[in-house]
Amino acid sequence: MRQDISHTYKNEKTGIKLVFEVFEEVNYGRSCWQFKFYKNDKLENSHFNYDTDRLLANLNDFLFNSPNERYYYIPMFIPVVYDAVKDKFNTIEVPFKSHNLKLIKNVFHQKKLLIVYKTGFVIVNLINYTFIFEAFNDDVAYITDASVKGMGDVEIEYGDVKAKCFKKRVIKL
């Protein structure tokens with residue numbers, strides 16, 4: 001994703017829009033995006049503080065909404081999921097260190113959201129917003145990719161630093 005221009009993700013059917021406005025380095029090489037979130041062309045002010053809230057920097061494989069267009073992932077340092085049916089924002093208190101949150105990708109599958117970072121992953125139940133997570137020390141392993149296989153199995157590809165090789169692991173979504 002180019003960092004010298006703004007980007008807009010918009011769902012024409014629901015009127016939900018996320019605008020990546022300015023890419024910035026906030027401190028010590030940590031970069032992020034200033035953003036705005038709109039519902040039917042009205043700026044959403046109740047959930048976000050646009051002076052301080054930021055989106056993660058690496059959003060090349062970012063998916064904005066679920067296939068059924070109900071759920072919207074806002075890739076902040078503390079992730080947020082917007083439920084368009086309930087008109088409600090749900091914050092996912094992920095216990096990762098924010099300096100390790102390089103987003104690899106996110107995947108919606110049925111009623112779950114998989115968020116894959118370089119050093120771990122989170123599986124969010126979109127019905128009750130419970131989640132499970134697994135974190136790696138970045139000197140032990142780092143995730144390079146993830147994909148949904150078959151009936152909700154997720155294949156995580158990661159680099160094993162000590163073994164100096166890449167491995168795959170399958171987890172249930």
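Phe 37 is buried, its relative accessible area being 0%, where buried stands for under 20%, exposed for over 50% and partly exposed for what lies in between, with a 1.4 Å probe and protein chains only. This is a predicted model, in which local features need pLDDT of at least 70 and side-chain atom pairs count only at pLDDT 80 or more, while totals for chains, interfaces and linings use all residues. Residues are numbered from 1 along each chain as its sequence is written, and side-chain values use heavy atoms, with hydrogens and water left out.

The structure holds 21 aromatic pairs, a pair being rings of Phe, Tyr or Trp (its six-membered ring) with centres within 6.5 Å, called stacked if the planes are under 30 degrees apart, edge-to-face if over 60 and tilted otherwise. Phe 37 and Phe 48 form a tilted pair, because their ring centres are 5.9 Å apart and their planes stand at 50°. This pair links distant parts of the chain, since Phe 37 belongs to strand E3 (residues 30-39) whereas Phe 48 lies 11 residues away, in the loop between strand E4 (42-43) and strand E5 (55-56); strands (E, at least two residues) and helices (H or I, at least four) are DSSP runs numbered from the N terminus. Phe 48 is buried as well, with a relative accessible area of 6%.

The rings of Phe 131 and Phe 133 also make a tilted pair, with centres 6.5 Å apart and planes at 50°. Here Phe 131 is partly exposed at a relative accessible area of 28%, and Phe 133, at 40%, is partly exposed too.

The loop between E5 and strand E6 (71-74) is the place of Ser 66, which counts as buried at 2% relative accessibility. The side chain of Ser 66 reaches the backbone nitrogen of Arg 70 at 3.4 Å. Once neighbours within four places in sequence are left aside, Ser 66 is in contact (heavy atoms within 4.5 Å) with Tyr 71 and Phe 108.

The C-alpha trace spans about 50 × 40 × 25 Å along its principal axes, and 46% of the 173 residues count as buried.

Terms used. A polar contact is a pair of N or O atoms within 3.5 Å; within protein, one must be able to donate a hydrogen and the other to accept it, and residues adjacent in sequence count only if both atoms are side-chain atoms.
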